Amino acid sequence: MKKLSWLKRDLQRFRTTYFLVFFTLVLGLSGIFIIEQLKSALLFSLKSQEKELLSSDMAMSARRPLSENELKRFHEKLNPSASYRILDMSSMLYNPKKDESRLVELRVIELGFPFYGSLDNANGPIDLSENSDFFTTEDCLLVHVDTMRSLELNQGQYLRLGEKNFRFCDVVLKDSSLGFRAFALAPRIYLSRKNLEGTGLFGEGSIASHSMHLKTNKTIEELEVIQKELQAEFSDPTLRINLPSDTSEQVARAGNVFSDYLQLISLVSFILSVVGTFYLFRGLIGQRLKDAAILRALGLGPISVQFILLIGLFFIFLLSIPSAYLTSLIVTPALLSGIKTVFGLELNLIKVSWRIWSSLPLVSLFLFSAIMPVIRESVKIPVIVLIQSQTSKQRAGIFDYWPWNLLAFLSLWSLAIWASQSWKVGSLFIFSLSLALIIFTCIFYLAKNFLISILNSQVSLQSPFGLELGIVLRRLIRQPLTTLISIISLGLGAMLLSLLFHIEKSVNQEFTIESDSKPSLFLFDIQDEQVEKLKSFFSEQKIEVQALSPMIRGKLMRINESQYKADDDSTTRFRTREEENDSRFRQRMMNLSWAEGFNSSETLVSGQHFGESVKLESDETAISVEKRFASRLGLKLSDRLEFDVLGVPVIGRVVNIRSVKWTSFRPNFFITFAPGALEEAPKSWLAAIGSLNETERVSIQNKIQKLFSNISVVDITQLVERLSGLFARLKIALEMMAYFTILVGFVVVLSMTYHQLQKREAEMMLEKTLGISPYRVIKMLSFELLSVGIVAFGVGGICGALLANSISVFLLEGNAVWELTQLFYLVLAGLILVLLPVGVLIPKVLNTRPAGLLQRP
Amino acid sequence: MTLKAKNISKAHHQAQNKIQVLNQLNLDVKAGESVAIVGKSGSGKSTLLSLLSGLDHPDSGEIWFGDQQITHLNETQLAQVRANKMGIIFQQFQLVQTLTALENVMLPLDILKRHKSKEEAIKLLSDVGLSHRLDHFPNQLSGGEQQRVAIARAMAAKPEVILADEPTGNLDEETGKLVMQMIFKLTKLNQTALVLVTHDQELAQLCERTLHLQHGVLE
């Protein structure tokens, strides 16, 4: 009871500082809650896009009918709430009006399709319910707009498919399941399963892709496990078990990039608030050391004294958790609504995951283990020293209480890994923070020794920097621990802010799509002998060909002397994101190509371009490897790779690593050979044509269909627009989150500075008593904060930029971004920020009379 | 006349209660004169001193410093008066903890932009017997030594008046005597007026005049 009344008095006495601690904690924790919810909402939105591409939660498919056992096991594993089958096959479509037939992709669907997404006509989603025309009439055929254009069809006309006539009953303007996969891009017509009967198209031995799509309530993580288990259970390599994330490279890549950046933002927000809270906690303990000494003098035992010092902080910490959660419950829906209104991006509110709550014990462990050295110190310093001293006597160094410091370090490290969900990112982050800490300490001590040598030899306090700066510098170097802690705390804040600015820049760079480089049409199934004719055609039509590349299917057999091992780890064990990404790459057969050099979306990362002098064995050809792919497979320059191309070994040596701007939407290959090795292999070509308006697109499509009837031409404008629109909106959402975190960071820094000034109040009054004018006192305060701010924000900003680029280049496989102007603005903003509290204190300094000094006991 | 208080009143408010600490108080301190103000704890001695030094402002009345009324001066003007004409000695010494003994004494001289502040400060510290403690920080000095530094600092700018608030209150008897001897010696030497607030009658008798603060007025 006595301890509780002590807590009450304590809270009353230090109410401003306790409020600052509470405010910072609530701000930091609610920031974490809000960002976690936004992150979940954004990822959910991306996953929804992926689901629309697959049209279901999971699909099993093969170029043969699925066996009963396969279907049974699939259903058993997923326990679905609904299911449908899809049959994809090629078929000739006869247009009686023009008396011509064309090969099209026929998609045979069942009731229920699609679980996610829609087939849209001009009025919105086409009715595919049980009572719809499509399922109730015997001759309804839906035709995709590309097919309609290329065959010059008219809605309502009759078409012949196999042995049966169909009515072109509706045009599909948008098919949400059309992605960037070659097969998915093909022009389509849609038929119900029932109406397929009688066409004679589907019988024994027919070649078609059979798929079973299921809808389930299982989480993505559970589905990933089931996918692995099913893949392990069925050894048939032609059987595919697909998740939404397997459907689109672009959306999957967007998901990965977003996830990476979101985790980073979340991590930064988290560490910012934890560092800020630690700083304020420590300051509060420092203010109360004299009280602790008096209690000790009165006979209170060390444990009780420590308890009294801690109980207030513990209480505030406990109080801040529900407060932060409540804040997030109010702010997040408003934020999502704002995003929807301003950017048109609809995000669903996802409840806070249990993951967030699981971090709280670690946060507590960090805060209290970081504070314990100061607490322990409070019961070790002789009572008389504390009582007689007019300033706090905190001497706890990093080595004095190493077990506590080690515990604090380890808990912070664990928090970083937890928050980033990546031991690499988390470890690099903590390593960088530690390195920055060492840099700050070294710079401070170098500056301190330099200043000591200058200041000690002066004949007056005014020389050589003037009285105000002279006093300030003396104060800063003579309270090294206090100054260093201020610099480190502010510096780490600055570093994290700089990191965020760079992340925002990287996101911008990664997701910006130049509008003039967007492709309009994709052409595939181009045969070898058609390439030259097609080139002439393009030339005649004055069409910009963005890409014309051969495509050869190959299987990687060996890397140097080692047999290449595709991922066969089907265990259900926990995998980090890095492992998941590796696994995705290692499962694939590869599309190979050759080229004479890079296209405009490719950039050399390391090595030499083809054609530059590189030593190769007689059986080798130079190859270029995409950066992320190289990183996943551990490929480096000079590695020798052996491929199996339809039974023929093809050997290449890596001469360069290149990065590919994946938002270019152009055909790109992980592995590109120099000319010479693959020309003879069976292949098809694909091309991308850009910068065409709608009329030109229709005209070119028709001309190509007439001249090269086997070539599939797909208008991808709508899809590119859809995806680039999605990326643009997600980019804005991500940037908003970064700015939100920056705002949180600024408020944390602000409250830290304000707290620092609070501690200086008594000294300010003494200075005034000695005859220093209020303006000079303000000048001194400003100089003090500016000196700390310049070092903290200058060094912190640079460290943040270095960390951001290290993470971007080494871990996220992005590119380095050096934003010196932004760095300058950050330092400037930081300095304004640290000066803001001075502005708040100006009236106090100007108007308060320092009578308290005479009454001070 | 150096320092004059005319009909000054000051009340403190504690919760709902108003405590009238000073009530129409008058005081004259002449140049070079030493005046002791004695009274019980809580009688308002320190409040009076804070008003005389401009550290606080009275509810009513006037305080004159020479021919200048300081009651209505702003903080900048008051700082100038304090820097040029007053030296204050506190019971708690109130040294700047991050400055050495020497720098603490140099500070008032540097505020006034005096040249050779270091030389003057060394001389002052020698006068108070601390020439061997120049580079020590306050927390490295004993209470007596800190108060001697505070005396040197108060005398540094050669003020017209020294306002001392229980200067021996935190010191043992012997050190207290030593410190007071120094204050008297230096104020006499520099023809500086001294207003000494104390509850020690013996110490008060060393001053030329002793005034009792009772019920808010000086008797």
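This is a predicted model: local features need pLDDT of at least 70, side-chain atom pairs count only at pLDDT 80 or more; totals for chains, interfaces and linings use all residues.
Confidence is considered first. The mean pLDDT of chain A is 79. In that chain, 87% of the residues reach 70 or more. One covers residues 390-394 of chain A, with pLDDT under 50. For this stretch the model has 12 contacts beyond four places in sequence. The other covers residues 568-581 of chain A, again under 50. Here the model has 17 contacts beyond four places in sequence.

Chain B has 219 residues, of which 53% count as buried. Its secondary structure consists of seven helices and 10 strands. Among contacts in chain B with a separation of 6 or more, 71% link residues 24 or more positions apart.

The two chains touch. Chain A gives 30 residues to the contact, and chain B gives 32. On the side of chain A, at least two residues come from each of α16 (467-478), α23 (761-769), α24 (774-811), α25 (820-847) and α26 (852-855). The largest share, four residues, belongs to α16(A). By class, this side of chain A holds 13 nonpolar, 11 polar and six charged residues.

Within chain A, strand β22 spans residues 684-690. Five of its seven residues are buried, so β22(A) is largely enclosed by the rest of the structure. Strand β13 (residues 519-526) of chain A runs antiparallel to β22(A), and five bridges join them. In this pairing, P519(A) has G690(A) as its bridge partner. Strand β14 (residues 545-559) of chain A is also antiparallel to β22(A), through six bridges. Here M551(A) is bridged to S684(A).

The peptide bond between F113(A) and P114(A) is cis, with omega of about -15°. P114(A) lies in the loop between β3 (100-109) and β4 (119-121) of chain A.

N79(A) is not a glycine, yet its phi is positive, at about 45°. This residue sits in the loop between α3 (68-78) and β2 (82-95) of chain A. N79(A) has 10 other C-beta atoms within 10 Å and is therefore exposed, the cut-off being 12 or fewer.

In chain B, Q191(B) also has a positive phi, of about 55°, without being a glycine. Its place is the loop between α6 (173-189) and β8 (193-198) of chain B. With 11 other C-beta atoms within 10 Å, Q191(B) is exposed.

Methods:
Residues are numbered from 1 along each chain as its sequence is written. Chains are lettered from A and ligands numbered from 1 in the order in which they are written. A residue is buried if 20 or more other C-beta atoms lie within 10 Å of its own, exposed if 12 or fewer, and partly exposed in between; C-beta atoms are placed from the backbone. Two residues are in contact if their C-beta atoms, placed from the backbone, lie within 7 Å. Ala, Val, Leu, Ile, Met, Phe, Trp, Tyr, Cys and Pro count as nonpolar, Asp, Glu, Lys and Arg as charged, and the others, Gly among them, as polar. pLDDT is the predictor's confidence in each residue, from 0 to 100. Two strands pair if DSSP finds at least two bridges between them.
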